[in-house]
Amino acid sequence: MIRKRIGRAALSAVLAAALMLPMAAAVSYGDTGGHWAEPAITRWSDRGVIQGSGGQFRPGGSITRGEMAAILQRVMNYQTVAPNTYTDLPDGEWYAKPILAVSAAGVMQGAGGKVRPTDPITRQEAAVLLAGAFNLDAYSSTNLFAYDDHLQIADWAAEAVKTMTVLEFMKGANGLFRPNDHITRAEAVQLLDNMVSGYYNAAGTYTGTVDGTVLVNTGGVTLQDMTINGSLYVTAGAVGSPVVLRNVTVRGKIINQSGQPIEGADGAVEELPPPEVDTSKENQKQWPAGSIRGIDVSSHQKDIDWAKVAADGVEFAMLRVGYTGYGTGSINLDKYFHQNIQGAQANGIPVGVYYFSQAISVEEALNEVQLVLDNLSGYTLQCPVVFDWETISGADGRANDLDTQTLCDAANAFCGAVAAQGYTPMVYFNKKLATDHYDLTQISQYDFWYAYYQKEAEIPGGYPYTMWQFTSSGKVNGIEGNVDLNAGYYRYWE
């Protein structure tokens, strides 16, 4: 397992939560009785961190980025406010100061000069924000195969989702993580409750046993005769009077963000070993028995030593020949394509190619396939030419909302042009694309390449496939970092 620190300054996403205005008395809401998150909602309302309005909490409602900046500022009590350089953040809005405080802490950075304060927050953004705010160790080799929608988790969020999953702060339901769903107010409060068990925001002396993380966000707090079965966070707000530990055992870590010493911290820590990580579903270098061992690569793998790849037992390779920009619609050649096809074929590895499509019309699909055919001139392929159309996590994918009929027409146009030139056409998709986007009956005349990151795979409807992409975390000699592994079930070159 590779463990590293998730850099706070690099984090650009935010978690959502309820508005957080101080509250002095016990709170009850007319719409949370019997709700699964009622205990957490009550607890954090009584602590003055969250609040509803008009006697309602709206547990199923969504949360904005500005609202979450407010709750995070209340919890962490950041002391510094950054200059307002965001073009969409009016200084007079109630959420401006919390956002600038969270930005100064390096937790919320925005993008393109904007911070999107009124946008709802997604679940994967929530994972990124809290992993950064709590400076959690990243479990970067942990698999995400437990989630059927793994391919919808953005690259920038994958480590945080893995970490929050391993630590059991977040989990999916019915096999799905739902990374792009807006996190609800109830989910946000429950997530905070999962991460913080002891919360001390007033000076005084506290004692007892706490099972989980303890957070101190003000000075003048004394923890005495206490066992903390988790980590102790002393935030940037714990300034002025010191935080004091007297006969305290911390079975985790002490994370001190206050900038001043914690009295009695020496010798208090009995650090526990990291949690056990279940990698039983992750098949990093084990192709399924009886399958043909394949990989697929692109410019992401950079320079590849194809002699070492061949010596490591790889029997075929699918190479990205090009891609369409998901925001611009520009058609691009993969800059490593010619290097890869020449290197693979020089070492006796049968190859096929794929094109990452963002086509939103038949015309665009034909423009894409023309780039493919132009760059195959002079080469002999042993494996198929693949139409790889995908949606993009987040709101920027130009093809995300393409209707089923146009998608199927585009796939047929691409594959028909491939077949007309004597190549074998193929269509690549995952389970979500198969069920939510394609009508497989309209493209079933082509071979299928199926992406499904579980121990076994079956296309909805029982359609056969000749290639199965079963992991994105493979390890192959000659390739630095991770590589997709594919199980082949047909020798196209024989």
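A salt bridge is a side-chain nitrogen of Lys or Arg within 4 Å of a carboxyl oxygen of Asp or Glu. Side chains of opposite charge can pair when their charged atoms come close. This is a predicted model, in which local features need pLDDT of at least 70 and side-chain atom pairs count only at pLDDT 80 or more, while totals for chains, interfaces and linings use all residues. Residues are numbered from 1 along each chain as its sequence is written, and side-chain values use heavy atoms, with hydrogens and water left out.

A search of the whole structure finds 13 salt bridges. One of them joins the side chains of glutamate 364 and arginine 398, at 2.9 Å from N to O. This pair links distant parts of the chain, 34 residues apart: glutamate 364 is in helix H9 (residues 362–375), and arginine 398 is in the loop between strand E14 (385–389) and helix H10 (404–420). Helices (H or I, at least four residues) and strands (E, at least two) are DSSP runs, numbered from the N terminus. Arginine 398 is partly exposed, with a relative accessible area of 27%; buried means under 20%, exposed over 50%, and partly exposed in between (1.4 Å probe, protein chains only).

Salt bridges that share partners also join Arg65, Arg116, Asp119 and Glu125 into one network. Within it, glutamate 125 meets arginine 116 at 3.5 Å, N to O. Glutamate 125 is buried, at 9% relative accessible area, whereas arginine 116 is partly exposed, at 33%.

Another salt bridge pairs aspartate 334 with arginine 320, their closest N and O atoms being 2.8 Å apart. Aspartate 334 lies in the loop between strand E12 (331–333) and helix H8 (337–346) and arginine 320 in strand E11 (residues 316–324), so the pair ties together parts that are 14 residues apart in sequence. Both aspartate 334 and arginine 320 are buried.
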